[in-house]
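Open the model in your viewer and keep the selection tool at hand. The stops below are meant to be taken in order.

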Amino acid sequence: MKNERFERGSKKINQLMEGADQSILKGLSKIAPDLANYVLEFIFGDLYCREGLDLKTKQILTITILATLGNAKPQLAYHINCALNIGITREEIIHIMTHIAGYAGFPAALNGTATAKEVFTERDQKKIENN
């Protein structure tokens with residue numbers, strides 16, 4: 001069911017990655033439609049649309065959290081792509097991973113860096129504009 005939060009979330013996630021709302025809906029709608037709606041409504045419709053932090057800061061936080069968790073590689077890769085799409089540079093992403101080493105440990109930083117390298121390589125191969 002589409003509502004204001006859903007529409008706001010769809011708009012925000014598409015700001016980060018073109019067509020991302022449809023990708024989430026296609027990927028989850030058959031098996032977990034409520035989860036797809038929660039992602040769009042709560043994560044992107046509420047959290048990402050809140051005032052107080054700009055979009056770049058929210059993406060930096062998201063990358064940091066996902067890398068620190070250490071168990072969210074697909075989501076980390078997705079958000080690294082989103083970060084690059086909104087102007088966060090490769091160098092900034094590597095600085096984030098280096099900073100993580102001091103607080104979450106070297107394994108989290110090394111795994112996050114490996115994921116970033118995979119994203120960078122894929123973007124280079126597809127000739128996607130990079131920062």
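Is Glu 122 buried, partly exposed or exposed? Glu 122 counts as partly exposed, at 39% relative accessibility; buried means under 20% relative accessible area, exposed over 50% and partly exposed in between, with a 1.4 Å probe and protein chains only.

The model is predicted, so local features need pLDDT of at least 70 and side-chain atom pairs count only at pLDDT 80 or more, while totals for chains, interfaces and linings use all residues. Residues are numbered from 1 along each chain as its sequence is written, and side-chain values use heavy atoms, with hydrogens and water left out.

**Stop 1: the end of α7**

Lys 126 and Glu 122 are four residues apart in helix α7, about one helical turn. Helices (H or I, at least four residues) and strands (E, at least two) are DSSP runs, numbered from the N terminus. Lys 126 is exposed, with a relative accessible area of 54%.

Next select Asp 124 and Arg 90. This is another salt bridge, with 2.6 Å between the closest N and O atoms. The pair links distant parts of the chain, as Asp 124 is in helix α7 and Arg 90 in helix α6, 34 residues apart. Asp 124 is partly exposed at 44% relative accessible area, whereas Arg 90 is buried at 17%.

Now move to Arg 123, also found in helix α7, which covers residues 106-126. Arg 123 is buried yet has no salt bridge, and the nearest side chain of opposite charge, Asp 124, is 7.0 Å away. For charge, Lys and Arg count as positive and Asp and Glu as negative; His and the chain ends are not counted. What does the side chain of Arg 123 join instead? A polar contact of 2.8 Å connects it to the side chain of Asn 81. A polar contact is a pair of N or O atoms within 3.5 Å; within protein, one must be able to donate a hydrogen and the other to accept it, and residues adjacent in sequence count only if both atoms are side-chain atoms.

**Stop 2**

Select Thr 115, in helix α7. Thr 115 is buried, with a relative accessible area of 4%. Leaving aside neighbours within four places in sequence, Thr 115 is in contact (heavy atoms within 4.5 Å) with Lys 73, Leu 76, Ala 77 and Ile 80.

Met 97 is in helix α6, residues 90-104, and is buried at 0% relative accessibility. Not counting residues up to four places away in sequence, Met 97 touches Ile 63, Ala 67, Leu 76, Ile 80, Ala 109, Gly 112 and Thr 113.

**Stop 3: Thr 68**

Thr 68 sits in helix α4 and is partly exposed, at 39% relative accessible area. Beyond four places in sequence, Thr 68 touches Ile 100, Ala 104 and Ala 108. Draw a C-alpha to C-alpha distance from Thr 68 to Gly 105: the two are 8.3 Å apart in space and 37 residues apart in sequence.

**Stop 4**

Select residues 4-16, helix α1. At 1.5 Å times one less than the number of residues, its 13 residues should span 18 Å; the end C-alpha atoms are 19 Å apart, which agrees. Asn 3 caps the N-terminal end, with a side-chain oxygen 2.9 Å from the backbone nitrogen of Arg 5. Which residues of α1 are buried? They are Phe 6, Gly 9, Ser 10, Lys 12, Ile 13 and Leu 16. Their cover includes α2 (20-28), α3 (33-47), α4 (55-69) and α5 (73-85).

Asp 46 lies in helix α3 and Arg 5 in helix α1, so the pair ties together parts that are 41 residues apart in sequence. Arg 5 is partly exposed, at 32% relative accessible area.

**Stop 5: the aromatic pair**

Finish with Phe 44 and Tyr 48, both buried. Rings of Phe, Tyr and Trp (its six-membered ring) pair if their centres lie within 6.5 Å; planes under 30 degrees apart count as stacked, over 60 as edge-to-face and the rest as tilted. The count by this rule is one aromatic pair. The ring centres of Phe 44 and Tyr 48 are 4.8 Å apart and the planes are at 25 degrees, so the pair is stacked.

Notes
Salt bridge = Lys/Arg side-chain N within 4 Å of Asp/Glu carboxyl O.
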